[in-house]
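Work through these exercises with the model open. Try each task before you read its solution.

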Amino acid sequence: KLGRLVAIKFLPHSFSQLSEDERARLYQEARTASLLEHQNVETVYEIDDFEGETFLVMRYVEGVTLRETIQEHTLAIQDVLELAMQIGEGLQAAHDKGIIHRDIKSENIMVTPDKQARVMDFGLAKLQGAAHLTKTGSTLGTAAYMSPEQIQRTEADHRSDIWSFGIVLYEMLTRQRPFRADHE
């Protein structure tokens, strides 16, 4: 409506079937993500519904995922360091606001044509200290990047993001993940 180029991410159809508590969690997480204003974090502008489908409106980020970047070339150490600093600064900005990403992985980091890293997809974000709206016993995240706390389904904090960031760093340097399990 404002004539701005944005990215629209439609959530899986199953989101339209959410209970009121689950929908409250989803909207809380979208509000959490919208609190972040940082050059290394994707900005969430809106969450809305259209014809029964829920979607997020976010700043459009031109580029490719870090995963694609890693697969296409071996990164020079200097490039790894520069990207790592930017990812770390984005995560620090989130952690300073009490926001935990909970799904840091190379697919959730975009690299722009001018080599700027942007942490994306705060869809699993959780505001520290917020009411638990996640189902008890559920596991959120991607298995190969999950911290021990996430796998054990215990309370995750900013250290879980640091663990996952370490896996991303390993992947940037070696072009493979340290743990190759497809499940917990």
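The model is predicted, so local features need pLDDT of at least 70 and side-chain atom pairs count only at pLDDT 80 or more, while totals for chains, interfaces and linings use all residues. Residues are numbered from 1 along each chain as its sequence is written, and side-chain values use heavy atoms, leaving out hydrogens and water.

**Exercise 1. The sheet with β1**

Task: Find the strand order of the open sheet that contains β1, and name its edge strands.

Solution: 
- Step 1. Strands are DSSP runs of E with at least two residues, helices runs of H or I with at least four, both numbered from the N terminus.
- Step 2. Two strands pair if DSSP finds at least two bridges between them. The order of this three-stranded open sheet is β1-β3-β2, and the pairing is antiparallel.
- Step 3. β1 (6–10) and β2 are the edge strands, each pairing on one side only.
- Step 4. From one strand to the next, the twist averages 25°.
- Step 5. β1 and β3 (residues 53–59) run antiparallel and are joined by five bridges. I8 stands opposite V57 in β3.
- Step 6. Helix α1 (residues 20–34) packs on the sheet and touches β2 and β3. Its direction makes about 155° with that of β2. Such angles run from 0 to 180 degrees between N-to-C directions, with axes fitted to C-alpha atoms, for helices over the stretch in contact.

**Exercise 2. The sheet with β4**

Solution: 
- Step 1. Read the order of this open sheet of three strands: β4-β6-β7, paired antiparallel.
- Step 2. Look at the antiparallel pair β6 and β7: three bridges join them. I109 has V119 in β7 as its bridge partner.

**Exercise 3. A lysine in a loop**

Task: Decide whether K105 is buried or exposed, and list its contacts.

Solution: 
- Step 1. Locate K105 in the loop between β5 (99–100) and β6 (109–111).
- Step 2. Apply the cut-offs: buried is under 20% relative accessible area, exposed over 50%, partly exposed in between (1.4 Å probe, protein chains only). K105 has 15%, so K105 is buried.
- Step 3. Leave out residues up to four places away in sequence; K105 then touches T142, Y145 and V168. Contact means heavy atoms within 4.5 Å.
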